[in-house]
Each structure stands twice: as C-alpha cells, then as structure tokens.
Amino acid sequence: MADKFDVIVIGAGPGGYVAAIRAAQMGLKTACVEKWVNKEGKTVHGGTCLNVGCIPSKALLETSHKFVEARDHFAEVGIEVDEPKANIAKMLEFKNSVINKNVGGISALFKANGVTSLEGKGKVTSSTEVEVTDHDGNATTYTADNIVIAAGSVPVEIPPTPLTDDLIVTSTGALEFTEVPKRLGVIGAGVIGLELGSVWKRLGAEVTVLEAMDSFLPMVDSAIAKETQKLLKKQGLDIKLGARVTGSEVKDSEVVVKYTDGDGEQEMTFDKLIVCVGRRPYTQGVIADGVGVELDERGFIFVDDQCRTNVPNVYAIGDCVRGPMLAHKASEEGVMVADIIAGHKAEMNYDVIPSVIYTSPEVAWVGMTEQDAKTKGIEVKTGSFPFSANGRALANNAPEGMAKIIADAETDRILGMHIVSQHAGELIAQGVIAMEFGSSAEDLALTCYAHPSTSEAIHEAALAVEGHAIHMANRKKR
Ligand code: FAD
Ligand code: AMP
C-alpha cells in the first residue's frame, strides 16, 4: 500500500487543481491525480479550461479581434497600415505558448503548495481508496480520508455528424485549424459555437451557424440577446435559427450537411464543420462498480448543495456535477469542498455565477433575466443604458451594445445584470459584487464612478431603474 493522504483529488482542471491547492493551504496532506498528457507525452495540469477550452479560445479570440481592428477599424481612427495578413501558424504558436505558460504555472503552484502530483488515471475503488494507473499501465492504490472527483466533461457527439480526423471536429479541433476554411459550418449557437465561429469569421471564413432552437441565447435577457444577434449578423455571421442538423456526408474533402428548418429539408456544403452541441459529464472509469456513488438521470454525479455525493467523504465538483459548466463555478466548488474537508463552514451562492460569451462585443450576465422574473411572478423594474451614450465607449471606437439592470420592484434589490459591450466580461464583476452584497439599484446609482469609463454605463443603467439616467433623454420626474 502506498502513501496515505487527507485528500485525493481526481482531475486537475479548474475544479480539481483549485480544490487541491486550497486543501494544501488548509494544512491537509493532498494529492491530485491527472491523466492528461500533451503532444510531447508530458502530464499537464489545467484540464479542459487551460488545454482546450477557456484559455486557448480566448487567445485566438483576442488575436483574431486585433486582426479585425487593424484590418477594418484602424483607418476609422486615423491609423494607416498596409493591409494586415493573418499568419495562422504564428497565431497557433502564440496560443500554444499561452497554454504552456498557464499549465506550467499550475504545476509550479502544486510544488509551491506541497500538493503531490500523481500522474495517470485515477479510479475510486472504495470510499477511502483511489487506484492510480500510470501511463505504463502500473496500478498503485493510495488511501485518503476524503476523495474529491473533478473529472470534468467532454464534448457531446451527435449521430448525424460523426467526427472525422479533420473535417468534422469538436471545439478541440477548431482550435487547431492550420488554415482558414473557406466555408465553415458550426452546429450550435451556444457560447462555444459563437466564440469559435467568430474566430474563424474574423480570419476570413464564411461562417454559417445552424441552431436547432428558434430562439437565440434564451439564457440571456431578451433585449440583450436581440442586440447581440443584430451585432453578430452585422459582422457577417450567418446564424440560422430553427435549423436542426439531421445528417452529413463527407465527399471529396467537403462536408455536406443536411438540416431541416421551417421550409423543410435543406443542404449546405462546408470545408470544415464544428460540432458545438454542448458537453457531457465525464465519469467513465472514474468510479469502480460497487462504490455506490450515484449518478443522476443525465449522467452527472449526484451531489447536494455542498458537493457531497451519497457516499460519505466522497465529493464531486465542476463539470461532472449539476450546474453551469463554467471554470469559475468549478473552482468555487473546489474551494468550498476543501474548506468543508478542513472543518470549516462553507457554502456557495449558486444564484450569483456570472457567464460571459467572448464574442465582440462580449455578452455577460448574472442573475435573472426580465423574462425569468416574469415567469416566477416577481415584479421588477429595469434600467437600460446604451454604450453609444458613454463617452469612453465612443473614445474607444466601441459604441455598440447596452447594459441592463433588473431590480425587484418593491425592494429595489438587484436581481440581474445583463450587458453586451466591449469588455462586458470585466464589467459584469460589478453586478456580481453588487448582488453578493445584496445591493439595491439605488446603491449603484449613489456610487461615484470614475470618468470616463465604460463602467459609467452600469451607473447610468442603475440610475435608469428610476428613470433618472443623466445622459439619456426621456427622464422621469420624481
Ligand atoms: P475539466 O477542466 O474538464 O478537467 C477535468 C480534468 O480531469 C481533466 O484534466 C481530465 O484529464 C481529468 N480526469 C478525468 N478523469 C480522470 C481520471 N480518471 N484520472 C485522472 N484525471 C482525470 N468556461 C468558462 O468559465 N469560461 C470560458 O471562457 C470557457 N470557455 C470554454 C471554451 C471551450 C472551447 C470549452 C471546451 C470550454 C470552455 N469553458 C469555459 C468551460 C470550462 O472549460 C469548463 O467548465 C471547466 O474546464 C470545468 O472544469 P473541471 O475542473 O470541472 O473539468
Ligand atoms: P451549448 O449547450 O450552450 O453549448 O449549446 C449547444 C447548442 O447546440 C444548443 O443551443 C442546441 O440547441 C444546439 N443543438 C444541439 N443539437 C443540434 C442539432 N442537431 N442541430 C442544430 N443545433 C443543435
């Protein structure tokens, strides 16, 4: 029998690595098992997020955005450059260097915090045992007082579009295209589909997004979703709603996709197809038969509000459990579970988790939409403000978008904030903090904001809740 630990974490994504670091910081003897190896055969930490998710997609979104700025918008502000060229190989090199710095950082943090890194595939074999099979197939069993499963998720595959090596790919393949496809199809107008569609559109592809649902971004406030749809359409993203993909055929290095819409059966031909229809929890081979950890009806590990499974001292966090599949949600659950194991009282506020779509402009939201509130029978008042009336946004040559605050009609407490704008992903932190502190819209309205800043649009939206935005006509008199 090998070493005994206070905590063994399975998976070193943003859920697992954060749980392991926090547990070690709490003085617990901690190990983290990771099976992911990079192209050089080296174990890498960081999971989906750092290797094939949040970080690489943001590197490509940022570089492709800079390219569009130089190509289409520098001249508008008086910067004349020769026509810029996108060097895809160099962009991929930059993206890979960003991944390497991030994953290397986690390994260094493990060392600095005294987390033991176990390389290989971990399997829970009892409520106190984890078997680790290394990359040569040797199995060792470690014991632990507590086990945290943070095995993450993998892309959903659908029967109409079986994956191929390089024509029909998931988000992972779409981060590796070595040249810009002329005609790119994207299945799914969710967060990942819109981000990856945007990257390749900006670099020159003709992009068609096929989305089965009739509504666009139903989880976002409808006013913001409508504005986003308009702005993305203006950029040339062809988003077909109510288009359900039913089949595909690979012919001469092209993909013929069949879909149905309101007019019946349709067909489109693409040079590459990205399948972005969601992710599913990854639990395969992670828990041995007989341990008794229950899964829910959708294959997620069943946990309570504090991420306890039904087996004592076995916890599960992140994408493999219920809730939004977001890195920061996984990390916060990691902190909560480590604190609970260390004997502290800890909980998470699942009502205040921000979401961001890193298109240009970005879309960010937290809390309820106006339509959610109506469905729940909560009376609300709202305040909106357009960035076209914000001095800093105009100076940034980024006047698109709007901010909207949803507040309880009676108490004025902020219930939601929804933004589409440049840097909305940064601005939304104000809504998150305000909601965590139980702020009213008036609290934000009475706060002094730096000028000029795009944050002032949030201030104005808060003022607008009572009809008193300063830089907007149609003010209400008190
Ligand atoms: P993961 O990151 O999936 O990590 C799980 C880890 O467990 C993996 O490293 C896996 O190898 C390991 N593992 C699994 N089973 C075993 C085993 N038996 N033994 C050992 N190791 C095991 N989220 C955001 O919040 N913001 C974004 O901008 C964002 N962008 C995204 C873009 C893309 C293209 C994708 C695909 C995802 C994006 N996400 C984003 C989602 C985000 O990546 C996930 O929510 C997050 O990674 C979940 O963290 P996790 O720790 O639960 O799982
Ligand atoms: P998300 O879960 O946010 O990543 O988004 C995935 C999107 O893919 C959802 O909006 C689904 O409606 C969409 N989707 C799933 N299957 C299909 C399909 N066969 N054709 C078109 N869109 C699909």
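Trainee: How many bridges join strand S5 to S6, and do they run parallel or antiparallel?
Mentor: Five bridges join S5 (residues 129-133) to S6, and the two strands run antiparallel. Strands (E, at least two residues) and helices (H or I, at least four) are DSSP runs, numbered from the N terminus. Two strands pair if DSSP finds at least two bridges between them. This is a predicted model, in which local features need pLDDT of at least 70, side-chain atom pairs count only at pLDDT 80 or more, and totals for chains, interfaces and linings use all residues. Residues are numbered from 1 along each chain as its sequence is written, and side-chain values use heavy atoms, without hydrogens and water.

Trainee: Which residue is the bridge partner of Val-130 in S6?
Mentor: Val-130 is partnered by Tyr-142. Five residues lie between the strands of this hairpin, where Gly-137 takes a positive phi near 90°.

Trainee: Which strand do six bridges join to S6?
Mentor: That is S1 (residues 4-10), which runs parallel to S6 (residues 139-149). Lys-4 stands opposite Thr-143 there.

Trainee: A new topic: which residues does UniProt list for "binding site"?
Mentor: The unreviewed entry lists ten positions, among them Gly-190, Glu-195 and Gly-278. They span 91 residues in sequence, yet no two of their C-alpha atoms are more than 14.2 Å apart, so they gather at one spot. Such annotations may be inferred rather than shown by experiment.

Trainee: Is Glu-195 buried or exposed?
Mentor: Glu-195, in helix H6, is buried at 4% relative accessibility. Buried means under 20% relative accessible area, exposed over 50%, and partly exposed in between (1.4 Å probe, protein chains only). Gly-190 is partly exposed, at 26%.

Methods: Chains lettered and ligands numbered in written order.
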